[in-house]
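Let us read a protein model together, one feature at a time.

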Amino acid sequence: MFVRELHLRDYRSWPSADLTLGPEPTIFTGRNGFGKTNLLEALFYVATLRSHRVSSDAPLVRSGASSASIGATVENSGRELSVSLQIATEGSNKAWLNGSPCRRPREILGVLRTVLFAPEDLLLIRGDPGDRRRFVDELVAQRGPRWAAARSDYDRVLRQRSALLKTAGASLRRGGSDAESVVSTLDVWDGQLADLGGQVTAARVEVLRELEPHFTQSYASIAPHSRPAALRYRSSAGPDMVPPPDVEPDARAMATQLLERLSETRTKEIERGVSLVGPHRDDIDIVLGSETAKGFASHGESWSLALALRLGSVELVRAEGIEPVIMLDDVFAELDAARRRKLVEFTAGAEQLLITAAVAEDIPDGIGGRRIGVDVVDEPDGTRHSELMSDVTESMDS
């Protein structure tokens, strides 16, 4: 799989960009803040419908514009698909597949499969649970629209249920018809939240189980003298929510357990005005030896674990018979010599490798391919925008 064309309009720092790419390494060089990462982020958005850097879409639209657009043509085993996305500052986003409008943007999921390595990956080990939930949800979403639908619907129900919880206490204290209405409405939302939550949790547990052997092997290869690494899903609904390793995750059984837990915590949720149980509160434990890595793993161990998660993700996609587009966003500057070598060895067989670096010297020997410079232009009004340098060079072997 490789991206043959990328077109941007009013995306972050790019008023426009038109790139023709090939099944080879392509390295974008330019100083920090010049817009290199925005190119990779745009492709990651096509693959996952989210940014790896921000939680909302508004920052993706260039200042002064009402919307941004991303166009990408993806070739996979001789089959070509073209995707277009319009990201709006207000209202809903829109998507087109081979020129035909999609009912929902998530219909394009699965067209492009990518694995992105970035400096932010350290948050997978040291960051909040939300960083790890986002990581596993991205793996699930790239498997196609139906995998993403449950999470999108879950988020919608969660927002509506949480809004009701904020006012439920006062309504219950008033009693009468107000209290009856709150209870019956909460019953409805609880049922929907449990059903969708069971689907989300089952999909996460399944993909995590498939990822774990690849992750474990990758970590052992990077850090052969370290303790063994493992992954463990931790549910806010309790340990019984996750079945033993030899039992397939059952979305219906998980929904039943989640509904029971919601019933048990309803009083506490009304008192606090928030939803306390569900996939939005779950976490993924990254285990080193017998301890959770967060809080005790060294800086080197943390980087090795983060790198192993991404390397394992590549192998997970390959196990499905797909060669993902591998993107390295200024990560060589973050890694020591040994981890650089391991990453170079691992990505040598990639069909398409896209790399950003502040300076060409950050790219290890052995990575050839195309070099493209990225620069910025200062406007008279004090703003600036990114542009591709005219002296694009073709450099085969470094």
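Q: What does it take for two strands to pair?
A: Two strands pair if DSSP finds at least two bridges between them; strands themselves are DSSP runs of E with at least two residues, helices are runs of H or I with at least four residues, and both are numbered from the N terminus. Strands of a sheet pair through backbone hydrogen bonds, either parallel or antiparallel. In this predicted model, local features need pLDDT of at least 70 and side-chain atom pairs count only at pLDDT 80 or more, while totals for chains, interfaces and linings use all residues. Residues are numbered from 1 along each chain as its sequence is written, and side-chain values use heavy atoms, with hydrogens and water left out.

Q: Over how many bridges does strand 1 pair with strand 4, and which residue is the partner of Glu-5?
A: Strand 1 (residues 2-11) pairs with strand 4 (residues 67-76) in the antiparallel sense over seven bridges, and the bridge partner of Glu-5 in strand 4 is Thr-73. Strand 1 also pairs with strand 2 (residues 14-20), again in the antiparallel sense, over six bridges, and there Tyr-11 stands opposite Trp-14. These two strands form a hairpin with two residues between them, and Arg-12 in the turn has a positive phi of about 50°.

Q: At what angle do helix 7 and helix 8 pack?
A: Axes are lines fitted to C-alpha atoms, for helices over the stretch in contact, and angles run from 0 to 180 degrees between N-to-C directions. Helix 7 and helix 8 (residues 337-347) pack at an angle of about 5°, with their axes 12 Å apart, and are therefore roughly parallel to each other (angles under 35 degrees count as roughly parallel, over 145 as roughly antiparallel, 65 to 115 as roughly perpendicular and the rest as oblique). Contact means heavy atoms within 4.5 Å, and the residues of helix 7 that meet helix 8 include Trp-303, Leu-307 and Leu-311, while Leu-343 and Phe-346 are among those on the helix 8 side.

Q: Where is Phe-34, and is Phe-34 buried or exposed?
A: Buried means under 20% relative accessible area, exposed over 50%, and partly exposed in between (1.4 Å probe, protein chains only). Phe-34 is found in the loop between strand 3 and helix 1, and its relative accessibility of 9% makes it buried. Not counting residues up to four places away in sequence, Phe-34 touches several residues, including Val-374, Asp-375 and Arg-384. Asp-375, in strand 14 (residues 370-378), is partly exposed at 29%.

Q: What does the UniProt record annotate around Gly-30?
A: The unreviewed UniProt entry gives a "binding site" covering residues that include Gly-30, Phe-34 and Lys-36; its positions are in the numbering used here, feature names are shortened, and annotations may be inferred rather than shown by experiment. Gly-30 is in the loop between strand 3 (25-29) and helix 1 (36-48) and is buried, with a relative accessible area of 10%. The C-alpha atoms of Lys-36 and Asp-375 are separated by 8.9 Å, although these residues are 339 residues apart along the chain.
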